[in-house]
Amino acid sequence: MMRYLAALAVLVGFAIMPEVIGEYYVEIMILFMINLILASSFRLITTCGDWSLSHVVFMGVGAYATALLAKFLGWPFWGTVLLGGMASAVIGLAVVFPLLRTKGFGFFIGSFALGEFVRLIWVKFHFPFGGPRGMIGIPSIELSDIDFYEAIPYYYLVLLFTIACLAILYRIDLSRTGKVLKAIYADEDLSRCIGINVARYRAMAFSVSAFFAGIAGVLLAHRLGAIDPKNFDVNTMVYLVIWVVVGGVGSFWGPLIGVAVMMLVGEAARPLAEWRPLLFGGILIVFLTLLPGGLDSLMSKVREMLDKRTADGTEKI
Amino acid sequence: MAILEVKNLSKNFGGLMANRDLDLEVEEGEIRGVIGPNGAGKTTFFNVISGVYKPSGGTIKFDGTLISNLSPDKIAGLGVVRTFQRVALFPNFTVLENVNIGRHLHARESLFGAVFGMSKQKEIENLEKSRQIVDFLGMTEHQDELASNLPYGLQRALNVAIALATEPRLLMLDEPVAGMNPTETAEMTRIIRLIRDEMGMTVMLVEHDMRTVMNLCDKITVIDFGEKLAEGLPQEIRANKDVIEAYLGAEDIVA
Amino acid sequence: MLLSVKEASVYFGKVSGIRDVSIDVEEGQIVALIGANGAGKSTTLRAISGLKQPSSGEIWFKGERIDDLSPEEITMRGIAHVPEGRRVFPYMTVKENLEMGAFSRKDKAGIARDLEGVFRHFPRLRERLTQAAGTMSGGEQQMLAMGRALMSDPTVVLMDEPSLGLSPILCQEIAKIIKEIHAEGRTVVLVEQNARLALSLAQKGYVLETGSVVLEDDAKALLENDKVRETYLGGSD
Amino acid sequence: MDWPTFIQSISNAVILGSIYATVAVGLALAFGVMQMANFAHGEFFMAGAYVVYVFYALGGMPFPAAVISAFPVVAALGVVTERFVFRPTRGNVLAGFMATAGVAFILQVIVGQVWGVGLMRSVPTPYMGAASILGAQVSWQRLIILPSTLVMVGGLWFFLHRVKLGKALRACAQDVEAASLQGININKITALSMAISGGFAGVAGALMAPINAVTPYMGHSIIVTAFIVVIVGGMASIEGSILAAFILGFIHTFVTTLFDAVLATMAGVAFMAIILVVKPTGLLGRVRM
């Protein structure tokens, strides 16, 4: 009951937020929600033990796909968003296929290399991708007379997508499929020997997570109006890794917490300007060396301690 | 007809012959023991049959189907499932969840179905079946405990439970009573017999504990230095001079 | 007492490897630890040599507590460990492997003398000096692992399953060498699956079951103990 | 491609391969000893270039002395990284790798704040002129890279195969636990291997300082190539990484000459992908130190 009330409160909070905060913060919130989709989809890959270093590239695939379809073919938004996601999923399959023989560090590096290959295609071909300078003039979204060029309508559109994507990812996490992925992570040999096709599940996790990254990319492209290959390079990827590491991947909520906390830290550190990467780098090192489970593990530790105290009967909550 | 037919099976690692020209036939409904000294190649034999390793030579047929070059999940799908010598389970799942993951082969779920909850009915059936297996192994009171919190003996029992959940036709147990105390050993022996008698599965096991093997098995195969040294009924094996020498060490080894 | 383990317990995560194991080794003895797979014999040796720190209990060597020392410090104090599965350095030559055994020693003359000693025990190693260790047979690797351990001129040698995977003839050879090493005045702690071999070499034996010592006696007495015979020596015929 | 261009490309490829080899050998060494995958290896390279910039271009130290002093300076960075990043994450390759991405950020910011971002630091060329080889012109500045690489790689080989401490390092790479049982202090060995690894990257960066644009972000391009080299060669194999360095040197040089630099990078990445599919252990994955 408490849980549903909390969820309702969060939803209402998000719904009325644009009325309360200024336009600048509405833009920040739009980015925040796009990053939530990105980070949460990234976690899906990690549940089976794979860490990818190419996830933001798939965000780029969605972004480029929607830009091309909207700009050159004049497709409507509902078409481009679906196709943007699908394009990411398909290219994700192509990328993950050769990587299925690798694990752990090899997978991480290999995914980086193949992602880089995809990204360099955008750099290399001026037509239609615009080369290193990328694509500009991506049309804003129009749906039945509403102009999504304005921040507030766009905010609600992204909110809708964020709720839908996170809900689906949450369902997958709880489903048998989600459990199978965690089983593969826990004991791959045992998983195989009880009939789980490990390669198929790893590929599926990668492709599905690429789909959602692609949708995040579509939403990003239409907001920025211009994209270039640098938006999706390894530097951006490292920031995604920092969010996810800070939040932790132990539970569904970890990456979401990570994005929230680190975007807050980023905003707070805005006056530090060029020193910010140092701060983020330091945070990354501290978390990996001292709190490898991220904030999520910290919270479950606290919860465990509280549980213990209630169990002892010394204190009731 | 034999349910498992192994012919001329060889496996080498680099120059080391772990298995050499092994022949073996297991009849349906049999409990077969595979014994031999440490390092004789018993676990390699299990790994090759279950598809963890590819054989270097020879053929393996299960129920007439050639399985020598299939992957472990395909072999499991055909009904050959093995346990591991080590404790192999999913530590962050509860006992019931562990067994339910073992139902994988009987729970085809599409991603679409997963998201929109369309496989609910199937899941309820699987959970029911998992519960029965947990009951069967006498772990009902532990079913909601995390597997990592179980004592060693129960963890080993859970290994067997996960394998049973796949409903195999041939269950291969790698040292099922290793490290167990006498009470646990007796209980596990009883369960293995029930698996054959009540569930109708064929069982093949590798085991060090001679007493368990002699008590339990219909027929015993002895492996030494990767080769088959002897095969026969327990009393024949017990009396076999070669076996005594290889397995137990010659009486007067230190002159 | 030269070496004593006092109520040591080792945990792997939440699972216990050994529980309250106590073992006493007197100078000049061969002490055998026997028991089934997974009974905790290797874990006991690993606790002594510092590869796995016990979570409780104490280990004393030459009147000094050593359970919180690192493996290299324990090696330098005179305990050499021949690990299970030989663990020679596969891409190094026989000579280099032996050299590593004497890594922390500075006395050149002593090293040369001990190298000769190793060759006396294992003449085959002298013939194979420049061969990569990983390309040798199992028996030769076992000899190299033992030779490497002797190069640190240890007081105590811990041997983990030296007969594993070796033919009966080679087992006899290894047994003979263990006796020679003992005759040199070194103390040996021997872990063996092959209980008959171990007990016939040793003066004293410990039987381990599921991580605890269940029986301790003279090796001879254990050889004649009915329960031991039935469980570990394959029945009393 | 005409004859002089061909010869020119060959000599460029060999020199590029030498630089790759110097960088990648360090990476492979650290990975081989204790699975330390250093994301900041490119920034170590950058740091070496800045040592030359500060000591030689600003401080007036002779060029060779500046190059040599890059070794201890960057070796110290390696030791610090080992102590505060790799040691706490030991046993988890990915965590160590990701954490060193943080080290890379930190080094970039510090160097940028002290010596300026964006502006290209120009290091005057100490050795003017060019040698004429079979009709191709190779500048002395590039040519000295070849003997430097030979000396360093040869020195490393000698250390690993003829010096007791170097052999201990190989022993660790082959079996850490067995090495500790021989009385080898593992922490000292891992620190040593990171010192050597850093030193190599530093000297490579120092040699390239007069040739490359010296910026805080110059490590980016080299780290990508270095990891491609090490994966292709076999993560823990020094011989493999040297072989792969020269293969990559040739691919890059020739594809750049015939087409362009972007395609050259794509070719390198594609080559690595093929190796990962066909032989995930790398070309010489079996050969270890």
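These legends accompany close-up views of a predicted model.

**View 1. Confidence and chain contacts in the predicted model.** The model scores ipTM 0.90 and pTM 0.92. For chain C the mean pLDDT is 91, with 97% of its residues at 70 or more. Four pairs of chains are in contact, and chains A and D share the most contacts. Two pairings are absent. Chain A does not touch chain C, and their nearest C-alpha atoms are 15 Å apart. Chain B and chain D are not joined by any contact either; here the closest C-alpha atoms lie 12 Å apart.

**View 2. Helix H5 of chain A against helix H12 of chain D.** The crossing of the two helices is left-handed. From H5(A), the contact is made by A:Gly106, A:Ile109, A:Gly110, A:Ala113, A:Leu114, A:Phe117, A:Leu120, A:Ile121, A:Val123 and A:Lys124. H12(D) contributes D:Val262, D:Leu263, D:Thr265, D:Met266, D:Val269, D:Ala270, D:Met272, D:Ala273 and D:Leu276. By class, the residues of this contact divide into 15 nonpolar, three polar and one charged.

**View 3. An open four-stranded sheet in chain B.** The strand order is S2-S1-S4-S5, and the pairing is antiparallel. Strands S2 (16-27) and S5 (65-66) of chain B are the edges, each pairing on one side only. Strand S1 covers residues 2-13 of chain B, and strand S4 covers residues 57-62. Five bridges join S1 to S4. Across this pairing, B:Lys7 stands opposite B:Thr59 in S4(B).

**View 4. Helix H1 of chain B on the sheet.** H1 of chain B, residues 42-49, packs on the sheet and touches S1, S2 and S4 of chain B. The direction of H1 makes about 115° with that of S1(B).

View 5. S9(C) runs over residues 204-209 and S10(C) over residues 212-218. The two strands pair in the antiparallel sense over six bridges. C:Glu209 stands opposite C:Ser212 in S10(C). Two residues lie between the strands of this hairpin. C:Thr210 takes a positive phi there, near 35°.

Note on methods:
Residues numbered from 1 in each chain as written. Chains lettered and ligands numbered in written order. Predicted model: local features only at pLDDT ≥ 70, side-chain atom pairs only at ≥ 80, totals over all residues. Heavy atoms only, no water. Pairing = 2+ DSSP bridges. Left-handed = near helix turned anticlockwise from the far one by under 90°. Contact = heavy atoms within 4.5 Å. Nonpolar A, V, L, I, M, F, W, Y, C, P; charged D, E, K, R; others polar. pLDDT = per-residue confidence, 0-100. Axes fitted to C-alpha atoms, helices over the stretch in contact; angles between N-to-C directions.
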